[in-house]
Amino acid sequence: MNNSQITFVGAGNMAGAIISGLLKNGVDAKSITAAEPSVERLESLSKQYGIRHEVDNVSAIKHADVVVLSVKPQILQSVCEGIRDALPKGVLVISIAAGVEMSSIEEWLGDDVALVRCMPNTPAQVLSGASGLYANALVEWAQKEVAYALFSAIGVCQWVDSEELLHAVTALSGSGPAYIFLVIDAMEKAAKKQGIDEKSARLLAAQTVMGAAQMVLSGDVPPEQLKRNVMSPGGTTERAIQVLEARGLPELFDEAMTAANQRSVELAELLKG
Ligand SMILES: NC(=O)c1ccc[n+]([C@@H]2O[C@H](COP(=O)([O-])OP(=O)(O)OC[C@H]3O[C@@H](n4cnc5c(N)ncnc54)[C@H](OP(=O)(O)O)[C@@H]3O)[C@@H](O)[C@H]2O)c1
């Protein structure tokens with residue numbers, strides 16, 4: 001990836017997070033260009049990271065090997081139509097715009113473009129993101145490796161076999177941080193009721209979520225088994241899990257994620273216009 005010229009069209013939160021991750025992973029700042037209308041934002045990014053910047057999207061993509069479309073979904077069509085005739089030959093285009101389908105982007109850019117769709121999530125901002133990736137048939141193996149490296153710089157990423165599955169990724173890791181914020185908040189409030197001060201409760205709850213996640217990620221033991229391992233018969237954890245399961249927590253997650261998936265399908269329909 002170090003030899004690739006990468007241009008971000010749209011230099012907001014998500015682009016900033018990816019740029020920061022790339023630089024931390026040793027990518028040369030001079031191989032990164034950011035483009036967007038706000039000169040102030042561009043100058044601040046350049047000052048912070050030493051990357052190149054351009055106000056004009058067309059000039060910014062002139063020498064790009066990879067173009068990351070990181071604007072809001074609502075303006076993606078006009079941005080694509082604006083750069084369509086200036087895309088360099090053999091370029092890889094990556095869209096991170098939530099819900100905008102490949103067929104729409106191909107219509108706006110031309111159907112001869114190698115295109116990857118990515119669904120990142122907000123923890124990308126602290127380099128702990130989880131992204132789902134899907135590529136069209138024109139993306140070559142080496143380009144897939146570049147896309148994978150790009151999103152690995154801000155966390156973990158997984159390829160999915162069909163574009164349809166990006167709705168499921170949206171329901172899982174896209175919306176997932178909010179599910180966990182809810183859990184941390186609920187644990188914090190319950191601990192406060194039991195007398196722990198807010199700061200300590202938040203620290204212990206958040207670290208518990210992170211520690212449990214690390215245990216899942218660092219071994220091959222399924223979470224169901226890890227749960228059973230800490231439930232000694234007659235103990236405190238068993239008593240708590242009995243309450244959560246009797247009140248239907250697993251079924252609630254299923255219901256919530258089905259609702260998120262359905263909403264993602266609906267939003268994609270709306271974005272088609
Ligand atoms: N944030 C997340 O956690 C997250 C998660 C999953 C997917 N995404 C996707 O990531 C994309 C970017 O999200 P974000 O949170 O980074 O949004 P953002 O902070 O609003 O960034 C978008 C940037 O694009 C700029 N822009 C506006 N018009 C432009 C144009 N014509 N050409 C070039 N740049 C232009 C905006 O500038 P102005 O502010 O001056 O308009 C803004 O700086 C979205 O499509 C979103 O669906 C985000």
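**Close-up views of the predicted model**

Figure 1. The buried residues of helix 5 are packed against helix 4 (76-83), strand 5 (92-95) and strand 6. Helix 5 spans residues 102-109, and its buried members are Ser104, Ile105 and Leu109. Viewed along the axis of helix 5, these buried residues fall within an arc of 120 degrees, so they line one face of the helix. Directly after helix 5 comes Gly110, whose phi is positive, at about 105 degrees.

**Figure 2. The largest nonpolar core and the surroundings of Val9.** This core comprises 56 residues. The members that touch the most other members are Val9, Ile18, Ala34, Val68, Leu69, Ile94 and Val116. Helix 1 (residues 13-24) makes the greatest contribution to this core, supplying 6 residues. When residues up to four places away in sequence are not counted, Val9 touches Ala35, Asn57, Ala60 and Ile61 as well as Val67, Val68, Leu69, Ser70 and Val71, together with Val79 and Ile83. Two of these partners, Val68 and Leu69, are themselves listed with Val9 among the core residues that touch the most other members.

**Figure 3. The shell of residues around the ligand.** The ligand is surrounded by 26 residues, of which Gly10, Gly12, Met14, Ala97 and Ala98 are the closest. By class, the shell around the ligand consists of 14 nonpolar, 9 polar and 3 charged residues.

**Figure 4. The loop residue Leu127.** Leu127 is situated in the loop between strand 6 (114-119) and strand 7 (129-135). Its phi lies near 60 degrees, a positive value in a residue other than glycine. Leu127 has 15 C-beta neighbours inside 10 Å and therefore counts as partly exposed.

**Figure 5. Domain 1 and domain 2 and the contact between them.** The domain assignment of the protein places domain 1 at residues 6-161 and domain 2 at residues 176-268. The C-alpha centres of domain 1 and domain 2 are 33 Å apart. Contact between the domains involves 5 residues of domain 1 and 5 residues of domain 2. The side of domain 1 that touches domain 2 is made up of 1 nonpolar, 3 polar and 1 charged residues.

Note on methods: Residues are numbered from 1 along each chain as its sequence is written. This is a predicted model: local features need pLDDT of at least 70, side-chain atom pairs count only at pLDDT 80 or more; totals for chains, interfaces and linings use all residues. Domain bounds come from an automatic or database domain assignment. Two residues are in contact if their C-beta atoms, placed from the backbone, lie within 7 Å. Ala, Val, Leu, Ile, Met, Phe, Trp, Tyr, Cys and Pro count as nonpolar, Asp, Glu, Lys and Arg as charged, and the others, Gly among them, as polar. Helices (H or I, at least four residues) and strands (E, at least two) are DSSP runs, numbered from the N terminus. A residue is buried if 20 or more other C-beta atoms lie within 10 Å of its own, exposed if 12 or fewer, and partly exposed in between; C-beta atoms are placed from the backbone. A nonpolar core is a set of buried Ala, Val, Leu, Ile, Met, Phe, Trp, Tyr and Cys residues joined through C-beta atoms within 7 Å. The arc is that of the directions from the helix axis to the C-beta atoms. A residue is near a molecule or strand if its C-beta atom, placed from the backbone, lies within 6 Å of it.
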